[in-house]
Amino acid sequence: MILKVPLQIVRGFVMGAADVVPGVSGGTVALVFGIYTDLVAAVHQGAVALGRFVRLDVKGGMAELRRVDWLFLLPLLAGVGLAVVTLAHLIETLLEEQPVRMSAVFFGLVLASIVVAWGYVRRRDARTLAVLVVVAAVTFALLGLRSGPVADPSLGYVFLAGAVAICAMILPGISGSFLLLMLGVYDSILGAVTDRDLAVAAVFALGCVVGLALFSSLLDWALKHHHDLVMGGLIGLMVGSLRVLWPWPDGTGSTSIGAPDGDWPAVVVLGVVAVAVVLLVARLAGTRDARRSAKKALSR
């Protein structure tokens, strides 16, 4: 119990580090740590509370807020924020100076995460496999598209971009920054933050809140009623996202797959190490969860 908060901050820190990287999602890390379902449920509970407040039901909203597992959520969010503040510049520099090797590390992380996520599928039937394959193919194709920058986007479009991009927060394999690139508003949003354009920033933030509230509710319901199909779709997202993490793209800024270059042995080693680290972390997380479940069963 004493270590619960520090460990949760560490998990959030790793999630935040992943969110900084285009092509990698904090949701993938949550899956590896075995907290993905709890994360979706906590965000959904917050969305329910928000809905109460929107309907001016303050008493009901406060009651829903008390049901949120704040001991789970707040340290996680603190870790995410800490990672974004402390690692954004470092990771950006490494991506510029060592793009191939960094891509190899992230490719290995996601590849191993696919293996871990597959372990969460209870019934590996034809329907689940079909969903996985279709989602992977669609994601692979869509990530090959890049929209040009949208000049002076309307506030309505900014709102929509926020609502769509925030879904990446709880979707493994999809990067919010990459979605903004696809929608053509990445530069506009960064510019609004840098220039302190409060109108654009506020509309974008509102879109994020609405999008997260709606999508988390849908995802929470889907995980409870169609767990294996949803997991198949999430795994498909991660498989398709490997396109943008391939270490050797065919041209700078391209998502086309190219051939390995002369530095491939070191790159492969980094990828293998990343795979090993993820599998080890997942194993430790699984052992911890098993012990926790056993303690709960004995206490009944």
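This briefing describes the helices, their packing, the nonpolar cores and selected residues of one protein model.

The model is predicted, so local features need pLDDT of at least 70 and side-chain atom pairs count only at pLDDT 80 or more, while totals for chains, interfaces and linings use all residues. Residues are numbered from 1 along each chain as its sequence is written, and side-chain values use heavy atoms, with hydrogens and water left out. The protein has 13 helices and zero strands, where helices (H or I, at least four residues) and strands (E, at least two) are DSSP runs numbered from the N terminus. Of its 300 residues, 41% count as buried; buried means under 20% relative accessible area, exposed over 50%, and partly exposed in between (1.4 Å probe, protein chains only).

**Overall organisation**

- Read along the sequence, the pattern is α-α-α-α-α-α-α-α-α-α-α-α-α.
- Among contacts between residues at least 6 apart in sequence, 78% join residues at least 24 apart; contact means heavy atoms within 4.5 Å.

**Packing of α8 against α11**

- Two packed helices are described by the angle between their axes and the distance between the axes.
- Helix α8 (residues 155–165) packs on α11 at an angle of about 40°, and their axes are 7 Å apart. Axes are lines fitted to C-alpha atoms, for helices over the stretch in contact, and angles run from 0 to 180 degrees between N-to-C directions.
- This angle makes α8 oblique to α11. Angles under 35 degrees count as roughly parallel, over 145 as roughly antiparallel, 65 to 115 as roughly perpendicular and the rest as oblique.
- The crossing of α8 and α11 is right-handed. A crossing is right-handed if the near helix is turned clockwise from the far one by less than a right angle, and left-handed if anticlockwise.
- On the α8 side, the contact is made by L155, V158, F159, A161, G162 and A163. The α11 side contributes A199, V200, V203, F204, L206, G207, C208, V210 and G211.
- By class, the contact of α8 with α11 has twelve nonpolar, three polar and no charged residues. Ala, Val, Leu, Ile, Met, Phe, Trp, Tyr, Cys and Pro count as nonpolar, Asp, Glu, Lys and Arg as charged, and the others, Gly among them, as polar.

**Packing of α11 against α12**

- Helix α11 (residues 198–225) and helix α12 (residues 227–245) pack at an angle of about 120°, with axes 5 Å apart.
- That angle makes α11 oblique to α12.
- L219, A222, L223 and H225 of α11 meet H227, V230 and M231 of α12. These residues divide into five nonpolar, two polar and no charged.
- H227, in helix α12, is buried, with a relative accessible area of 13%.
- Not counting residues up to four places away in sequence, H227 touches Y120, R122 and A222.

**Nonpolar cores**

- In soluble globular proteins, nonpolar side chains tend to be buried together.
- The largest nonpolar core has 52 residues, of which M15, Y36 and L39 touch the most other members. A nonpolar core is a set of buried Ala, Val, Leu, Ile, Met, Phe, Trp, Tyr and Cys residues joined through side-chain atoms within 4.5 Å.
- L39 touches M15, A30, F72, L73, L76 and I170, not counting residues up to four places away in sequence.
- A second, separate core of five residues includes V32, A112, V116 and A282.

- I9 is placed in helix α1 (residues 4–20) and is partly exposed, with a relative accessible area of 31%.
- Leaving aside neighbours within four places in sequence, I9 is in contact with P75 and G79. The C-alpha atoms of I9 and G81, 72 residues apart along the chain, are separated by 9.8 Å.
- T28, found in helix α2 (residues 26–32), is buried, with a relative accessible area of 4%.
- T28 and V110 are 82 residues apart along the chain, and their C-alpha atoms are separated by 7.2 Å.

**Residues in loops**

- L56 lies in the loop between α3 (36–54) and α4 (58–67) and is exposed, with a relative accessible area of 73%.
- L56 has a positive phi of about 65° although it is not a glycine. Most residues other than glycine have a negative phi.
- D263 is in the loop between α12 and α13 (264–299) and is partly exposed, with a relative accessible area of 29%.
- The C-alpha atoms of D263 and R101 are separated by 9.2 Å, and the two residues are 162 residues apart along the chain.
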